[in-house]
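Here is a brief report on salt bridges and ligand contacts. Please view the structure first.

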Amino acid sequence: MKNCIVVTGGAGFIGSNFVNEWVKHGLGKVINLDKLTYAGNLENLAEIQHNPDHVFVHADIGDREAVQKLLAAHQPRAVVNFAAESHVDRSIHGPGEFIETNVVGTFHLLEEVRAYWGALGATDKTQFRFLHVSTDEVYGSLSATDPAFKETNAYEPNSPYSASKAASDHLVRAYHHTYGLPTLTTNCSNNYGPYHFPEKLIPLVIHNALQGKPLPIYGNGSNVRDWLYVTDHCSAIRRVLEDGTVGETYNIGGWNEKTNLDVVHTLCDILDQEQPKAQGSYRDQITFVVDRPGHDQRYAIDATKIERELGWKPAETFETGIHKTVKWYLAHPQWVNNITSGEYKNWVSQNYKERGEELA
Ligand code: NAD
Ligand code: TYD
C-alpha cells in the first residue's frame, strides 16, 4: 500500500473542503473519484488543480470496473466515502437517484473495496480503512426535550434521503461484521461553510438576500438543526481515520443547536453590517412558505464519544463560523454566479413554486 487515499465525492461541498485541506497540509496523495452530478464542481478544487498530490477521476462509485482499476493502480491505504445524493428536498421530488447512488452505489463500492482489501498482505490488511461519511438524519427526529443523538440510538430515518443513508450505513456495518472489512462510520450534523451548494438553507439565504429575493422559511421556522463548520467536520474525519476503532461509529457535532429562524436572523444581521441595503434590513425579505413534507423537527448530536476517545473538539463556534461563511460568499460572487446561472434555476423554480413562492 502507498501513502495515498481515495476520496469519493471530493468535488462536492464537504469532500472538496476535505481534499483541499488534505493536499494543502501535505498529508499525501489523494485520488478523488467523483461523478460530477449537479452538486459536483471542479471549481471547488481550482487551488489544487496543478498539485501532483491531487488526481481527479471522473467516475461513478457504482462503476465497478473504474473503481477496481483505480484501486489496483493507486494501492490506497484508505477509502473515504463522501459520494452521495445529499439534499432532502430533492429526495422527496425524486428518490430514485438516492437509492441508486447511496444504496446501490455504496454496495458496488464496498464490493470492489472488499476484493482489493482481501488481496492485500497481512500488515496492509490490518492497516487499511474504509471510512463511510453519514449523517445524524438516520436517527430520525427529536422533540424539544429529548437528549441529543448518541451512537447507540436506534435508526429511525424519515426521508428518502435519510433512509438511503441508513441503508448504506447498515451495509458498511455488515461488511465489517461479516467479512471483517476494517470500516469506520461517522454521523455528522448539518455542515456549513465555503463551497456549500446554494440550494441548502445557509448559502441559499445569503444568495437570495443579496439578490433582493425572498428568504423562504419552511413552516414556522421552529425546526432545529445542530450546525458544524465544515473544516471542523474534516478535522474530525481525519482523527477518526487515524485513530478510530475499527467497526465503530462516531457522532460528530458542534453543540450548536439553532432554530431555522435564528439562523436566518443571524445571517440577515451579519449582512446588514457587511453589506447594508440602501433602506431597511435583510430581515424584511423573510417569507414563510409551505413546509417540507415529513419535516424533521429537531436534530442534535451528542459528540461526547469522539471528544473523549479521540480528543477531537470543534475549532469554531457558530458565531465565528457563520461570520467566516458570510465573508467567504461575499468574496466569491463568481463561484455563486457560475452555479446559479445554469440548471440551478430549474430546481429553484420547481421547489418553491409549489410552496407558493416564485424564486427563479
Ligand atoms: P454534496 O451533494 O455537496 O456532494 C456530493 C458529491 O458526490 C458531489 O461532488 C457529487 O458529484 C458526488 N456524487 C454523487 N453521486 C455520485 C456517484 N454515484 N459517484 C461518484 N460521485 C458522486 O454533498 P455534501 O454536503 O458534500 O455531503 C457529503 C457527504 O456527507 C454525503 O455522504 C452526505 O450524506 C454527508 N453529510 C452531509 C452533511 C451536510 O450538512 N452537508 C451532514 C452530514 C453528512
Ligand atoms: P437543509 O439545508 O436542506 O438541510 P437538512 O434538511 O438536511 O437539515 O435545510 C436545513 C433546514 O432549513 C431544514 O429544517 C429545512 C430548512 N429550510 C428552509 O426553511 N428553507 C429553505 O429554503 C431550505 C432549503 C431549507
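Lysine 327 is partly exposed, because its relative accessibility is 45%, between the 20% and 50% cut-offs. In this predicted model, lysine 327 forms a salt bridge with glutamate 274, with the closest N and O atoms 4.0 Å apart. The pair links distant parts of the chain: lysine 327 sits in helix H11 and glutamate 274 in helix H9, 53 residues apart. Glutamate 274 is also partly exposed, at 34%.

Lysine 313 and glutamate 307 form another salt bridge, 3.4 Å from N to O. Here lysine 313 is exposed, with a relative accessible area of 57%. Glutamate 307 counts as buried, at 19%.

## A buried pair and a network

Arginine 238 and glutamate 21 are both buried. They form a salt bridge, the closest N and O atoms being 2.7 Å apart. Arginine 238 lies in helix H8 and glutamate 21 in helix H1, so the pair ties together parts 217 residues apart in sequence.

Asp89, Arg292 and Arg355 are linked in a salt-bridge network. The whole structure holds 20 salt bridges.

## The ligand shell

Ligand 1 is surrounded by 28 residues. They divide into 13 nonpolar, 11 polar and four charged. Strand E5 gives the largest share, three residues. Helix H1, helix H6 and strand E7 are among the elements that each supply at least two.

Three side chains make polar contacts with ligand 1. Lysine 165 lies 2.6 Å from an oxygen atom of the ligand. Tyrosine 161 is 2.7 Å from a ligand oxygen. Aspartate 60 lies 3.0 Å from a ligand nitrogen. Taken alone, ligand 1 exposes 840 Å², and the protein buries 97% of that.

Notes. Residues numbered from 1 in each chain as written. Chains lettered and ligands numbered in written order. Predicted model: local features only at pLDDT ≥ 70, side-chain atom pairs only at ≥ 80, totals over all residues. Heavy atoms only, no water. Near = heavy atom within 4 Å. Polar contact = N/O pair within 3.5 Å; in protein donor to acceptor, adjacent residues only side chain to side chain. Areas by Shrake-Rupley, 256 points an atom, 1.4 Å probe, with all protein chains shown as cover. Helix = DSSP H or I, 4+ residues; strand = E, 2+ residues; numbered from the N terminus. Nonpolar A, V, L, I, M, F, W, Y, C, P; charged D, E, K, R; others polar. Salt bridge = Lys/Arg side-chain N within 4 Å of Asp/Glu carboxyl O. Buried < 20%, exposed > 50% of the residue type's maximum accessible area, 1.4 Å probe, protein only.
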